[in-house]
Amino acid sequence: MMPNPWVRPYVLTAGRTRTKQRLLVETLVSVPHYDPQVAASLLPESRALYELAGRTMSVAELSAHSKIALGVTRVLIGDLAANHLVAVHSTAHSDRDNVIPSLTLERIRNGLAAHSDEPTQVPTSQAISAKIVVAGGFGVGKTTLVGSVSEIPPVNTEAWMTQAGKRVDALESGSQKTTTTVAMDFGRISIDRDLVLYLFGTPGQPRFWFLWDDLCRGAIGALVLVDTRNLEVSFPAVNYFENDSDLPFVVGVNLFDGQLWHDLDAVREALALKPEVPMITVDDARHRRSSAQALMEVVTHTLNLRNDGAGVPAGR
Ligand SMILES: Nc1nc2c(ncn2[C@@H]2O[C@H](COP(=O)(O)OP(=O)(O)OP(=O)(O)O)[C@@H](O)[C@H]2O)c(=O)[nH]1
Ligand SMILES: [Mg+2]
């Protein structure tokens, strides 16, 4: 059953915007014991989420497929979990340690190196998830890169996000806020049946900056794509990771036509990039191997920072 588009999002949650469970965008949700009678007893939105979670998917996928705002999805999943109808899986990043174990990072790196176009595997009930953020300005190849390496078609359907969820309760009297939609890329790579890597492309429009913190929370790191023909469009992304986030990041020069027009040092200077930020080239974002290689560099960078003891661990 499709959710009712005429209900203001937070009416469904009685205005609540928080959950007890830690529900990151990549958190996997599954249904331990599907019961059709339970499904029939649920309100349409909760029912839609319950049915979808039967396939074990992330909070972001649940939101995108059900077309229920991310914040509302979180609250409804929280309610389902409180009633033991769905299981909320752990993520690779735990708030307690504020770190992703190095062994998990190595598993991800090896998985990216080996990854081929195998059919999607259904994650086990113990499966955990991790994520890498793909950022950069308009037209730098974010969707292309995510799409080339993902085992699912890029889910850049309109993932419904509400500004209300972050800032203003939609029910506030006189509020003019309505639901806004954002095309958000995400992709999925099953490292194995117990570990799923998600990729999230950041929405570029400035009015969605507030989503970046949410997308970056608990991530392994970020890949910031740049196009040397149009460097300035990626300035805001570089600024964000330099100043507003402690997430490790790597800058990837997308070569588009396979040619490096400017020396990497010149690009580094133009971006005013600190020397410790790695710069790599992405030979062709349309090809899985190039894209996987770039993602491996992000994982390697995070591991190196860890080993140097210099870096802040993945996560915020
Ligand atoms: N030849 C070539 N074309 C590419 C490559 N990467 C991206 N493109 C093309 O460049 C255009 C923009 O790429 P997108 O992946 O849509 O870029 P984006 O960063 O998602 O763009 P926005 O979401 O609009 O900010 C598309 O037409 C792609 O097909 C590449 O590595 N080689
Ligand atoms: Mg795009």
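Guide: Let us start with Gly187, which is found in strand β7. Please bear in mind that this is a predicted model.

Visitor: Is Gly187 buried or exposed?

Guide: A residue is judged by counting the C-beta atoms around its own, and 20 or more within 10 Å make it buried. Gly187 has 25 C-beta neighbours inside 10 Å, and therefore counts as buried. The C-alpha atom of Gly187 is also separated by 7.1 Å from that of Glu151, although the two residues are 36 apart along the chain.

Visitor: How should I read the pairing of a strand, and which strand is joined to β7?

Guide: In general, strands of a sheet pair through backbone hydrogen bonds, either parallel or antiparallel. Here β7 is joined by 6 bridges to strand β8, residues 195-201, and the two run antiparallel. One of the pairs is Arg188 with its bridge partner Tyr198 in β8. With 2 residues between them, β7 and β8 form a hairpin.

Visitor: What is the order of the strands in the sheet?

Guide: The sheet is open and has 6 strands, in the order β7-β8-β4-β9-β10-β11, with mixed pairing. β7 and β11 (279-282) stand at the edges with a single partner strand each, so one side of each is left without a neighbour in the sheet. From one strand to the next, the twist averages 25°.

Visitor: Where in this sheet might I look for parallel pairing?

Guide: Consider strand β4 (residues 128-136) and strand β9 (residues 221-226), which pair in the parallel sense over 5 bridges. Val134 has Leu223 in β9 as its bridge partner.

Visitor: Let us turn to helices. At what angle do α2 and α3 cross?

Guide: Two helices are compared through their axes, taken in the N-to-C direction. The axes of α2 (residues 44-53) and α3 (residues 59-66) come within 10 Å and cross at roughly 125°. The two helices are therefore oblique to each other, and their crossing is right-handed.

Visitor: Which residues of α3 are buried?

Guide: The buried residues are Val59, Ala60, Glu61, Leu62, Ser63, Ala64 and Ser66. Since 7 of the 8 residues of α3 are buried, the helix is largely enclosed by the rest of the structure. After α3 comes Lys67, whose phi is positive, near 60°.

Visitor: How do the axes of α5 and α11 cross?

Guide: Helix α5 (residues 102-114) and helix α11 (residues 288-308) have axes that come within 9 Å and cross at roughly 160°. That angle makes α5 roughly antiparallel to α11. The crossing of α5 and α11 is left-handed.

Technical notes
Residues are numbered from 1 along each chain as its sequence is written. Chains are lettered from A and ligands numbered from 1 in the order in which they are written. This is a predicted model: local features need pLDDT of at least 70, side-chain atom pairs count only at pLDDT 80 or more; totals for chains, interfaces and linings use all residues. Two strands pair if DSSP finds at least two bridges between them. Helices (H or I, at least four residues) and strands (E, at least two) are DSSP runs, numbered from the N terminus. A residue is buried if 20 or more other C-beta atoms lie within 10 Å of its own, exposed if 12 or fewer, and partly exposed in between; C-beta atoms are placed from the backbone. Axes are lines fitted to C-alpha atoms, for helices over the stretch in contact, and angles run from 0 to 180 degrees between N-to-C directions. Angles under 35 degrees count as roughly parallel, over 145 as roughly antiparallel, 65 to 115 as roughly perpendicular and the rest as oblique. A crossing is left-handed if the near helix is turned anticlockwise from the far one by less than a right angle, and right-handed if clockwise.
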